[in-house]
Amino acid sequence: MEFSNIHSTSKQVLKTEHAASERNALETKKVAFLMAFQLLSIIMYGMFTTYDEEVEAGHGSEISQTIGKYYPMFQDVHVMIFIGFGF
């Protein structure tokens, strides 16, 4: 009777270990796929995007002057958000 009980328990342990190893393999494949997809997305973004001449800094256009005027205000708001409003 005891041998039968031990035998069924060892089968359950083996099934559990097998299921755990399958989950680990699936997680590894999922992580590898997502990393490859992210790398591919970054490469494709770099290859297929271009900036218009007006957007490039240093041309003195009205847009770059406006950004230069208001950017410090946005930067101050970001610092307040990240550090906190309690100061």
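I took accessible areas from the Shrake-Rupley method with a 1.4 Å probe, and for residues only the protein chains shown count as cover. On that basis the protein exposes about 8600 Å², and carbon and sulfur atoms supply 67% of that area.

Ground rules: this is a predicted model, where local features need pLDDT of at least 70, side-chain atom pairs count only at pLDDT 80 or more, and totals for chains, interfaces and linings use all residues. Residues are numbered from 1 along each chain as its sequence is written, and side-chain values use heavy atoms, with hydrogens and water left out.

Fold: I found two helices and zero strands (DSSP runs numbered from the N terminus, H or I of at least four residues for helices, E of at least two for strands).

Burial: I call a residue buried under 20% relative accessible area, exposed over 50%, and partly exposed in between. Of the 87 residues, 0% count as buried.

Salt bridges (a side-chain nitrogen of Lys or Arg within 4 Å of a carboxyl oxygen of Asp or Glu): I searched the whole structure and got one. Glu27 and Lys30 make it, at 3.5 Å, N to O. They sit three residues apart in helix α1 (residues 2-48), so about one helical turn separates them. Glu27 is partly exposed at 41%, and Lys30 is partly exposed at 43%.

Ile67 lies in helix α2 (residues 62-83) and is exposed at 53%.

Notes:
Buried means under 20% relative accessible area, exposed over 50%, partly exposed in between (1.4 Å probe, protein chains only).
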